[in-house]
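Thank you all for making the time this morning.

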Amino acid sequence: MEPKLLYQLRFLSELTEGPKGQPLFIYADIEVPEKEPPRYRSRLAAWDGGLRFLTQGEAKSPFWRGEHLYFLRKVEGVPQLFRLPLAGGEAEPLTALKSGVEAYRVSPDSRRIALLTRGEYEAPKPDKPRVYETWPVKFDARGLLPGVPRELWLWEGGEVRLLVRWPQDIEEVAWHPEGHGLYFTACASPEERWNWKQRLYFAGLSGEVRELFGGVGPISGLEPTPEGGLFYLGHAWEHGGGTESRLYYRSPEGQVRLLAEGSFLNSLNSDVRLGAGPQTPRLGPDGRVYVVVTHQAAARLLAVDLDGGCEFVTPPEESVLGFAFCGGQLYALSEDFTHGPRLWTPGGLVYDPNAEVLPALPTPQNVRYAAPEGHTVEGWVLLPEGAGPHPLVLYIHGGPHTAFGNALMLQLQLFRAQGYAVAYCNPRGSTGYGQAYALLGGRWGEADEADIMGFLDHVLAQFPLDGGRVAVAGGSYGGYMTNWLTARYPERFRAAVTDRSICNWLSFYGASDIGPRFTYLELGARLWENPQLLWQKSPISLVHRVRTPTLVVHAEQDHRCPIDQGETWYTLLLQQGVPTRFFRVPEEGHELSRSGRPDRRVARLEAYLEWFRTHL
């Protein structure tokens with residue numbers, strides 16, 4: 001296996017029901033022109049016993065209702081809404097808004113379409129100044145934010161009109177089942193936006209708006225019921241950044257019932273996805289509501305009834321990236337330790353786009369480390385060919401509130417194929433093991449460190465590994481922990497790769513697109529109230545201890561963990577004589593390793609391998 005295997009991958013996403021009960025989805029692959037950089041190509045496809053392409057041009061966000069298929073396609077750089085008649089013919093554009101369409105919802109009778117858009121707003125030219133009076137001013141993968149909020153518009157009879165203009169972005173929208181209005185979520189003030197607190201509103205077709213509830217935390221996954229009820233996900237940040245979500249039902253009379261609590265949605269790490277699929281609450285044909293939940297290293301589909309009765313309807317061997325009921329039958333985009341997203345039903349595998357692309361990959365060995373505090377840390381080990389002892393890469397996931405599990409990390413398989421053992425685990429702070437386990441409560445660099453280092457010692461004792469040739473690597477939160485561990489254990493690691501990391505909480509606070517709220521939710525500190533804590537939790541406070549040769553990987557347009565974090569760590573290591581190298585990537589953001597331009601993703605993997613070859 002070589003990094004360029006990436007160019008051959010195919011990706012399935014955005015599964016939904018299509019005509020005649022057939023699954024409808026986005027199929028993407030990678031084009032490698034001779035004289036241009038590689039690029040992704042996304043098309044609308046259906047499964048009717050075989051793969052059938054419905055468009056050759058770009059398509060995203062598919063939906064079927066009545067006699068038409070709907071999708072988004074970029075026109076002059078911005079996405080517009082298109083409609084494709086089932087009877088045949090070319091797709092026709094329904095919108096030509098200067099700002100494009102960010103999301104849409106078709107009404108139950110197909111006569112109207114709700115549009116989330118900024119209307120006729122045009123962003124200033126790149127060489128013109130921008131003026132802001134709110135926060136955030138940028139967001140990862142989007143760059144500098146528009147100067148106007150996202151609005152709710154209506155398409156009807158070939159015309160578009162503004163329905164609701166709100167002081168803050170309108171985030172999510174869903175039609176009332178009778179079609180006489182729409183639910184939408186938004187923040188009521190800049191302060192609520194700063195703190196991830198939303199409210200639910202109802203808008204009539206004349207634009208009148210009434211507030212239903214909210215203002216304490218995030219609200220998402222709106223799923224109205226035929227009788228006028230509503231399912232949704234939410235919480236009130238009761239436990240800070242590690243707060244697990246809750247599934248609620250709101251009756252037509254406004255009474256709210258808690259149905260379930262957990263790590264809702266698929267929070268497993270993977271680098272072979274391009275897009276995802278519906279994971280939020282959806283009514284099934286049996287009257288139960290279905291939702292994806294990350295549970296003990298698998299993302300499973302949970303069916304919940306109005307009495308709160310819960311049942312897993314997919315096995316732990318299959319993680320769900322998206323699901324839909326097509327003709328009453330459940331279909332899912334399923335992934336596991338050795339396969340990317342595939343089309344799957346409870347009856348078995350339907351279609352694997354990479355069946356002839358990926359080689360047979362070994363399933364990682366499950367490892368459970370019994371920590372002294374009484375909990376168990378779950379992890380995995382990939383061993384290369386041969387008897388060993390093997391050099392080892394300790395790899396740490398991002399988040400921290402995500403998890404490793406039953407989803408393919410091709411990068412780790414690539415390391416194994418190149419002769420390196422790989423160990424990875426879910427320390428405290430990870431999702432899928434309950435509310436208490438997900439909490440770090442300000443203990444970054446403490447509880448998680450104890451779990452990771454204890455797990456490392458455990459696998460070194462259990463497997464044919466060379467304890468004198470151990471590297472540590474990770475991205476985002478994993479990059480933070482890489483910095484932290486090389487400072488705390490200067491003689492332990494022979495090599496390190498810190499990718500899109502945090503090294504300085506004080507500068508992160510104001511420079512990151514989520515800096516103030518993320519820092520407060522995770523560490524319970526604001527810059528002006530407790531700078532001492534932020535300094536103590538910053539790896540740069542211990543950088544003078546680092547001796548490990550370190551590759552610093554960072555993307556220039558990363559707004560989540562801004563480029564100054566990588567620049568700072570690289571500069572401080574270099575000035576102290578630590579062998580270091582800066583792999584700096586232009587035009588990419590925080591998602592480089594998962595959805596960056598393909599040739600840049602390949603170059604990143606090659607940089608990792610070269611560093612390991614040199615120092616392990």
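This is a predicted model: local features need pLDDT of at least 70, side-chain atom pairs count only at pLDDT 80 or more; totals for chains, interfaces and linings use all residues.

**A walk through the model**

Let me begin with E171, which lies in strand β15, residues 170-175; strands here are DSSP runs of E with at least two residues, helices are runs of H or I with at least four, and both are numbered from the N terminus. Residues are numbered from 1 along each chain as its sequence is written, and side-chain values use heavy atoms, with hydrogens and water left out.

E171 has a relative accessibility of 37% and therefore counts as partly exposed, a class that falls between buried, under 20% relative accessible area, and exposed, over 50%, with a 1.4 Å probe and protein chains only. Leaving aside residues up to four places away in sequence, E171 touches L116, R150, T185 and Q198, where contact means heavy atoms within 4.5 Å. From E171 to P79 there are 92 residues in sequence and 17 Å in space, C-alpha to C-alpha.

Next comes T225, in the loop between β19 (219-224) and β20 (230-234). Is T225 buried or exposed? T225 is buried, with a relative accessible area of 2%, and, again not counting residues up to four places away in sequence, it touches P177, L230, F231, Y249 and L283. A polar atom of the T225 side chain lies 2.7 Å from the backbone nitrogen of G229.

H401 sits in the loop between β33 and α2, and it is buried as well, with a relative accessible area of 17%. Its side chain reaches the backbone oxygen of G429 at 2.8 Å, and a polar contact of 2.8 Å joins the side chains of H401 and E522; a polar contact is a pair of N or O atoms within 3.5 Å, where within protein one must be able to donate a hydrogen and the other to accept it, and residues adjacent in sequence count only if both atoms are side-chain atoms. G429 and E522 are also among the residues that H401 touches beyond four places in sequence, together with G241, G242, S267, T431 and A438.

The buried ones are L410, Q411, L412, Q413, L414, F415 and R416, and they pack against β32 (376-382), β33 (390-396), β34 (421-425) and α11 (598-615). Just after α2, G419 takes a positive phi of about 105 degrees.

Finally, the cysteines. How many disulfides are there? The count comes to zero, taking a disulfide as a pair of cysteine sulfur atoms within 2.5 Å. The sulfur of C561 is 10 Å from the closest cysteine sulfur, in C503, which is too far for a bond. C561 is buried, with a relative accessible area of 2%, and C326 is buried too, at 3%.
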